[in-house]
Amino acid sequence: REESQSRLSITTVIDNVPKAGGESPRTEYPFEHERKMKSRLISCAHGEDDLRERTKVVVKVPATSANLGPGFDAVGMAVDMWSEFTVERSEEFAIVCEGEGSHDIPLDETNLVCFGVAAAFKHAGKGLPILKYHLINRIPYARGLGSSSAAIVGGLIAGLVLAGHQLKTWGAEELLNMAADI
């Protein structure tokens, strides 16, 4: 108990130290995760022009495994095996699929990449345009490497970029919630 109290008092002391240049002190956590994340978000911001709708996007998504020892379905990791999805606006709907399982994957709107793209446009409050998909599947399906979740997340990311929509990235877990809903 004394240890946690001393950490709290150290944090309080740090919070009350005036910043260089006469800036007023601000509340920060001991390891400054909040400040670091805010700094990253600000440095990555490109302004309003970056939120314009796009005509084409290429998304690469890694394989994953959540079968790690005692953390089964709770602890996961990305695997260096990537599927690539190109989605672009078109005058005619089409899906071209190459690679793992290309003969078994649906080539219509029931494809999981299409589900992800549609969910992203719905979340952005925009109508789904006619799109052409080129899917290069390098993640074997039905092997526990997350090919379905890669398709869903890849579709979501592609749709959000095409729609010019940005999700809340800190504390909201919007992408996670959207993917879980699918």
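This is a predicted model: local features need pLDDT of at least 70, side-chain atom pairs count only at pLDDT 80 or more; totals for chains, interfaces and linings use all residues.

User: How many residues does H3 have?

Analyst: H3 covers residues 112-124, which is 13 residues. From its first C-alpha to its last it reaches 18 Å, close to the 18 Å expected at 1.5 Å a residue.

User: And which residues in H3 are buried?

Analyst: The buried residues of H3 are Val113, Cys114, Gly116, Val117, Ala120, Phe121 and Ala124. Viewed down the axis of H3, they fall within an arc of 160 degrees, so they line one face of the helix. In general, an α-helix has 3.6 residues a turn, so residues three or four places apart point the same way.

User: What do those buried residues of H3 pack against?

Analyst: They pack against strands E2 (77-89), E3 (94-99) and E4 (131-137), and also against helices H4 (147-163) and H5 (174-181).

User: Changing topic: what is the order of the strands in the sheet?

Analyst: The order is E1-E2-E4-E3, in an open sheet of four strands with mixed pairing. E1 (56-65) and E3 stand at the edges with a single partner strand each, so one side of each has no neighbour in the sheet.

User: In which sense do E2 and E4 pair?

Analyst: E2 and E4 pair in the antiparallel sense, over six bridges. Arg89 stands opposite Leu131 in E4.

User: Where does H4 touch the sheet?

Analyst: H4 packs on the sheet and touches E1, E2 and E4. The direction of H4 makes about 155 degrees with that of E1.

How values were computed. Residues are numbered from 1 along each chain as its sequence is written. Side-chain values use heavy atoms; hydrogens and water are left out. Helices (H or I, at least four residues) and strands (E, at least two) are DSSP runs, numbered from the N terminus. The expected span of a helix is 1.5 Å times one less than its number of residues. Buried means under 20% relative accessible area, exposed over 50%, partly exposed in between (1.4 Å probe, protein chains only). The arc is that of the directions from the helix axis to the C-beta atoms. Contact means heavy atoms within 4.5 Å. Two strands pair if DSSP finds at least two bridges between them. Axes are lines fitted to C-alpha atoms, for helices over the stretch in contact, and angles run from 0 to 180 degrees between N-to-C directions.
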